[in-house]
Amino acid sequence: MKSSHPTVQRMGAVTAVLALAAAAWILATDEGGPLAIVSLVLPVLAGAMMVATIMTAIRHMDELQRRIHLEALAMAFGALSLVAFVLIGLDEMGRPYAVRPGLFLLLIDGLWLGGYLLAQRKYR
């Protein structure tokens with residue numbers, strides 16, 4: 001995957017959606033069977049493709065865009081650490097707050113987007 005062509009990015013997104021749909025279908029039809037392992041591995045493979053697509057896109061950016069994305073990721077990581085700290089604190093106080101994996105992924109993406117908008121604003 002040497003190019004960051006939009007077609008490659010769309011293929012990564014479609015693969016991720018199909019893998020998640022297949023995993024959900026497998027879990028709905030065969031909860032404890034051997035396909036449960038497949039339902040665990042499919043999203044991991046799709047996630048690896050998405051990471052490869054993002055890394056390829058970042059490699060093809062100019063220096064300023066790379067710096068903006070690095071700052072956005074640093075802000076998202078810091079904010080996610082604070083959120084995790086609060087959730088662990090709530091759990092220890094006896095008020096468990098379960099974050100489902102889908103919500104957790106949306107939180108990560110939202111924090112990255114917020115960090116990107118803040119970092120981009122800095123360089124205007």
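Leaving aside residues up to four places away in sequence, Glu71 touches Ala119, Lys122 and Tyr123, a contact being heavy atoms within 4.5 Å. This is a predicted model, in which local features need pLDDT of at least 70 and side-chain atom pairs count only at pLDDT 80 or more, while totals for chains, interfaces and linings use all residues. Residues are numbered from 1 along each chain as its sequence is written, and side-chain values use heavy atoms, with hydrogens and water left out.

First, the overall layout. The chain holds 4 helices and 0 strands, and reads α-α-α-α along the sequence. Helices (H or I, at least four residues) and strands (E, at least two) are DSSP runs, numbered from the N terminus. Of the 124 residues, 18% count as buried; buried means under 20% relative accessible area, exposed over 50%, and partly exposed in between (1.4 Å probe, protein chains only). Among contacts between residues at least 6 apart in sequence, 70% join residues at least 24 apart. Areas come from the Shrake-Rupley method with a 1.4 Å probe, and for residues only the protein chains shown count as cover.

Back to Glu71, which sits in helix α3 and counts as buried because its relative accessibility is 18%. A search of the whole structure turns up 2 salt bridges, each a side-chain nitrogen of Lys or Arg within 4 Å of a carboxyl oxygen of Asp or Glu. Glu71 pairs with Arg67 in a salt bridge at 3.6 Å, N to O. Arg67 and Glu71 are 4 residues apart in helix α3, so about one helical turn separates them. An α-helix has 3.6 residues a turn, so residues three or four places apart point the same way. Arg67 is partly exposed, at 48% relative accessibility.

Glu71 also forms a salt bridge with Lys122, with the closest N and O atoms 3.5 Å apart. Since Glu71 lies in helix α3 and Lys122 in helix α4, this pair ties together parts that are 51 residues apart in sequence. Lys122 is exposed, with a relative accessible area of 54%. Put together, Arg67, Glu71 and Lys122 are linked in a network of salt bridges.

The largest nonpolar core has 6 residues: Ile68, Ala72, Ala76, Trp112, Tyr116 and Ala119. Both α3 (63–92) and α4 (101–122) supply at least two residues of this core. Such a core is a set of buried Ala, Val, Leu, Ile, Met, Phe, Trp, Tyr and Cys residues joined through side-chain atoms within 4.5 Å. Ile68 touches Tyr116, Ala119, Gln120 and Tyr123, again not counting residues up to four places away in sequence. The buried residues of α3 are Ile68, His69, Glu71, Ala72, Ala76 and Leu80.

As for geometry, the 30 residues of α3 should span 44 Å at 1.5 Å a residue, and its end C-alpha atoms are 43 Å apart, which agrees; the expected span is 1.5 Å times one less than the number of residues. Just after α3, Gly94 takes a positive phi of about 95 degrees.

Over on the surface, Ile37, Leu40, Val41 and Leu45 form a nonpolar patch with about 410 Å² of accessible area together. Patches are made of residues with over 30% relative accessible area and no salt bridge, with like charges joined within 9 Å and nonpolar side chains (Val, Leu, Ile, Met, Phe, Trp, Tyr) within 5 Å. Leu40, one of the patch residues, lies in helix α2 (residues 35–59) and is exposed at 61% relative accessibility.
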